[in-house]
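Please look over this model with the notes below beside it.

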Amino acid sequence: MRTLPYLFLALFLYGCIDAYTPKGVESLSRLLVVEGNITDGESVFRLSRSIALDAFFVQEETTVDHASLYVEQDNGERLEGVFREKGTYIVSTGSLEANRKYRLHIAVDGEVYCSEYLSPIFTAGIDSITSVKERIGEPVQIRLYTHDPEDRSKYYMWNYKEFWEVKAELYATYGPWEGEFIDFSRYSKYNTYYCWARDSSQGLIMASSERQSENVIDHKITEIYSGDRRLSEYYCIEVNQHQVRQETYDYYANVQKNVEQTGDLFSSIPSELKGNISCISDPDLPVIGFCDVTTTVRERFYIIDLYDGYYESPMQFCHDSITESQQFHLSCLRFVCLLYKYNW
């Protein structure tokens with residue numbers, strides 16, 4: 001019975017606790033989020049809607065697929081954007097002119113948004129991309145070196161695409177395919193031995209030379225575990241480099257802090273993300289995004305396992321221990337398949 005007072009006390013305290021909802025949280029949801037910069041060639045923009053801090057479960061689509069978007073020059077010329085998929089819009093911008101200023105124009109859901117007019121930054125070239133592996137068992141680092149003697153900007157951002165080829169651990173000579181038993185020739189459409197895949201960078205890759213005496217960058221773009229199949233045959237990475245303004249860099253540094261706090265770029269808004277895009281039809285309506293104007297420098301780098309030898313196969317021990325057994329069973333399987341194929 002001595003526990004009864006504590007039970008009543010617990011019930012009393014529980015009844016005194018109310019859920020706390022910070023003021024203004026509801027106003028942070030459904031804000032327009034703009035990702036992308038105006039660059040030469042093709043400019044890619046992604047539009048979505050923000051989610052408030054208290055939105056634990058999202059039941060509606062956050063991408064914006066029905067906007068009207070174009071890039072506008074200060075002489076009035078427009079470059080229309082084309083919707084591709086999942087909130088992504090493409091603008092064929094061609095070459096950027098040094099004596100022109102550019103801005104992004106978006107119309108969606110009865111509101112009009114514009115970025116600030118900016119002149120282009122002409123990005124310095126990439127000096128080199130290298131791969132580094134310190135010792136056995138260590139990951140392979142992909143590092144980039146660049147410098148800008150003209151000191152156009154000390155702030156850099158990168159993204160990349162990667163492509164690779166892998167081979168199956170075992171080669172299947174024959175097998176079923178769409179109801180038939182066929183020869184899996186590795187040089188035909190029935191190939192099951194060679195495979196190819198691709199991916200792209202998911203997070204923010206940024207660096208600055210502001211604390212250095214010279215505008216020189218040596219930065220890790222990504223790293224790959226030495227047992228990753230991407231390194232097993234042929235690997236290619238295509239890196240895009242942009243020099244950006246300090247305001248752009250500071251904005252994305254804030255975004256990066258947001259990622260570390262919540263795990264997603266714009267899933268919720270723990271801190272203010274003030275960019276250079278505003279709603280001109282309703283100046284009191286916040287917008288999330290920063291649109292810089294900068295050219296793109298692109299460079300490819302290849303890793304070929306035959307020459308580089310970075311790959312450490314996790315199957316190596318298995319292969320060494322049962323190779324003879326595998327070969328015997330595969331030989332038996334080939335023989336049975338031949339009997340089946342030619343009705344012997």
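The numbered points below go through these topics in turn.

1. Basis. This is a predicted model, in which local features need pLDDT of at least 70 and side-chain atom pairs count only at pLDDT 80 or more, while totals for chains, interfaces and linings use all residues. Residues are numbered from 1 along each chain as its sequence is written, and side-chain values use heavy atoms, with hydrogens and water left out.

2. Largest pocket. The largest pocket holds about 1,800 Å³ of space. Its lining has 45 residues, and Glu35, Val44, Arg46, Asn159 and Ser201 are the closest to the centre. A pocket here is an open set of points on a 1 Å grid over the protein atoms alone, where a 1.4 Å probe fits, with protein on both sides within 12 Å along at least five of seven lines; lining residues have an atom within 4 Å of a point. The volume is the space filled by probe spheres set on the points, which are joined across faces, edges and corners.

3. Position of the pocket. The largest pocket lies between domain 1 (28–120 + 272–291) and domain 2 (123–245 + 296–313), because both give residues to its lining. The domain bounds come from an automatic or database domain assignment.

4. Lining. Elements that give two or more residues to the lining include strand S2 (41–49), strand S10 (155–167) and strand S16 (234–244). S2 gives the most, with eight residues. Strands are DSSP runs (E, at least two residues), numbered from the N terminus. By class, the lining has 13 nonpolar, 17 polar and 15 charged residues; Asp, Glu, Lys and Arg count as charged, Ala, Val, Leu, Ile, Met, Phe, Trp, Tyr, Cys and Pro as nonpolar, and the others, Gly among them, as polar.

5. Sheet. Nine strands form an open sheet with mixed pairing, in the order S17-S7-S6-S3-S4-S5-S2-S1-S18. Strand S17 (277–279) and strand S18 (287–289) are the edge strands, each pairing on one side only. Two strands pair if DSSP finds at least two bridges between them. Strand S1 (residues 32–35) pairs with S2 in the antiparallel sense over four bridges.

6. Loop residues. Asp109, in the loop between strand S6 (102–108) and strand S7 (111–115), has a positive phi near 50°. Asp109 is partly exposed, with a relative accessible area of 49%. Partly exposed lies between buried (under 20%) and exposed (over 50%), with a 1.4 Å probe and protein chains only. Asp151, in the loop between strand S9 (140–147) and S10, has a positive phi near 55°. Asp151 is partly exposed at 39%.
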